[in-house]
Amino acid sequence: MGMPYAEVIGDPIAHSKSPLIHKFWLEKLAIKGDYRAVQVTPADLHVYLVDRARDPEWRGCNVTSPLKRAVLPFMAHVDREASRAGAVNVITPAPGGTRKGRNTDVLAVAELLRQFSRPSYKNHVATYVQIVGAGGAARAAATGAREAGYGDFDVFNRSIEHAHELAASIGAPFGKGNPLGALGPIRKLDDGPEDQRYSHVVINATPLGMSGQPPVPIDLSTYYPDTIVLDMVYSPVETPLIREARAFRLATIDGLQMLVAQAAHAFHSFFGQPSPRQYDAELRALLTR
């Protein structure tokens with residue numbers, strides 16, 4: 001009898017930290033199992049899924065770029081979060097050799113944003129979630145923010161057409177698409193904390209800030225002090241966006257927190273046990289060596 005295993009698939013995939021995370025949890029829980037990284041291109045996807053359906057030890061896979069939308073036609077079942085995000089990042093076997101698609105990025109964004117209390121000052125009107133990007137990660141981020149209770153969105157992207165498309169699909173009453181260069185807060189420059197009427201959540205759902213990429217074009221010094229900044233990039237962990245947010249003492253969620261949070265939901269689906277989150281500090285140290 002073989003060993004149960006799960007995988008992460010994408011192209012490229014060698015950079016993925018998912019095997020470190022899942023193997024760490026398997027070891028802590030003394031579960032006999034494995035987790036692997038496998039390079040799969042869109043052209044290879046059908047063959048990969050058919051092959052895995054024949055393997056009784058396969059427990060599923062995480063899905064990363066560029067496959068999160070490409071896998072949708074191969075799913076017999078798609079959960080609510082994946083359906084709303086229009087993307088799948090976790091696949092598990094389903095009855096009859098079929099597959100179920102989930103989106104744990106949505107769950108992670110919602111979970112992480114719920115850690116912060118909502119503004120309750122006298123002049124508060126709304127909190128705008130500013131999504132940087134318009135791809136699958138941006139759609140998951142917007143869906144997760146809605147799950148966390150946020151309802152007002154602006155989308156900023158190099159392609160204004162794609163920004164408009166995502167803003168329209170979110171369905172927020174005042175949300176709209178904007179060019180990337182327009183990224184900035186809704187405020188008057190002479191407003192103080194007691195005068196502020198809007199709050200902001202800024203989510204980077206692009207590769208901007210990743211090693212070798214330019215930073216997100218934003219001036220966080222113009223944002224209010226209750227701004228929350230979430231960067232989905234985890235390499236490097238301290239991106240220029242996160243570094244600047246911390247310099248201004250804004251609330252931050254870095255890409256490693258996001259990666260571990262979504263992985264925890266996937267791990268439970270693959271191996272049937274909750275991930276041992278009491279070891280998060282040890283895991284973070286391992287991932288940042």
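Student: Where does D254 lie?

Tutor: D254 lies in the loop between β12 and α8. Helices (H or I, at least four residues) and strands (E, at least two) are DSSP runs, numbered from the N terminus. This is a predicted model, in which local features need pLDDT of at least 70, side-chain atom pairs count only at pLDDT 80 or more, and totals for chains, interfaces and linings use all residues. Residues are numbered from 1 along each chain as its sequence is written, and side-chain values use heavy atoms, with hydrogens and water left out.

Student: Why is D254 called buried?

Tutor: Buried means under 20% relative accessible area, exposed over 50%, and partly exposed in between (1.4 Å probe, protein chains only). D254 has a relative accessible area of 0%, so it is buried.

Student: Which residues does D254 touch, not counting residues up to four places away in sequence?

Tutor: D254 touches D231, V237, I242, R246 and R284 on that count. Contact means heavy atoms within 4.5 Å.

Student: Why is T92 called buried?

Tutor: The relative accessible area of T92 is 10%, so T92 is buried. T92 sits in strand β5 (residues 90–94). Leaving aside neighbours within four places in sequence, its contacts are R59, G60, T98, R99, K100, S269 and F270.

Student: Is A53 buried, partly exposed or exposed, and why?

Tutor: A53 has a relative accessible area of 40%, so the label is partly exposed. A53 belongs to helix α2 (residues 45–53). With neighbours within four places in sequence left aside, A53 is in contact with G97 and R99. A53 and T92 are 39 residues apart in sequence, and their C-alpha atoms are 9.9 Å apart in space.

Student: What makes β5 largely enclosed by the rest of the structure?

Tutor: The count does: 4 of the 5 residues of β5 are buried, so β5 is largely enclosed.

Student: How do you know that strand β3 (residues 58–63) and β5 pair?

Tutor: Two strands pair if DSSP finds at least two bridges between them. β3 and β5 have 2 bridges, in the antiparallel sense.

Student: What joins β5 to strand β6 (residues 98–102)?

Tutor: 5 bridges join β5 to β6, and the two run antiparallel. I91 has G101 in β6 as its bridge partner. β5 and β6 form a hairpin with 3 residues between them, and G96 in the turn has a positive phi of about 75°.

Student: Which order do the strands take in the open sheet of 6 strands?

Tutor: The order is β9-β8-β7-β10-β11-β12, with parallel pairing. β9 (176–179) and β12 (251–253) each have a single partner strand, so they stand at the edges, with one side of each left without a neighbour in the sheet. Neighbouring strands of this sheet are turned by 20° against each other on average, direction ignored.

Student: How many bridges join strand β10 (residues 198–204) to strand β11 (residues 228–231)?

Tutor: There are 4 bridges between β10 and β11, which run parallel. V202 partners V229 in β11, and I203 stands opposite L230 in β11. On to the next pair: β11 and β12 have 3 bridges, in the parallel sense. V229 stands opposite T252 in β12.

Student: What makes both faces of β11 covered?

Tutor: I228 and L230 on one side and V229 and D231 on the other are all buried. In a regular strand the side chains alternate between the two faces of the sheet.

Student: What makes helix α4 (residues 104–113) mostly covered?

Tutor: In α4, 8 of its 10 residues are buried. Among them are V106, A110 and L113.

Student: Why are α4 and α8 called oblique to each other?

Tutor: Angles under 35 degrees count as roughly parallel, over 145 as roughly antiparallel, 65 to 115 as roughly perpendicular and the rest as oblique. Axes are lines fitted to C-alpha atoms, for helices over the stretch in contact, and angles run from 0 to 180 degrees between N-to-C directions. The axes of α4 and helix α8 (residues 255–271) cross at roughly 120° and come within 8 Å. α4 and α8 are therefore oblique. The contact includes T104, L107 and E111 of α4 and M258, A261 and H265 of α8.
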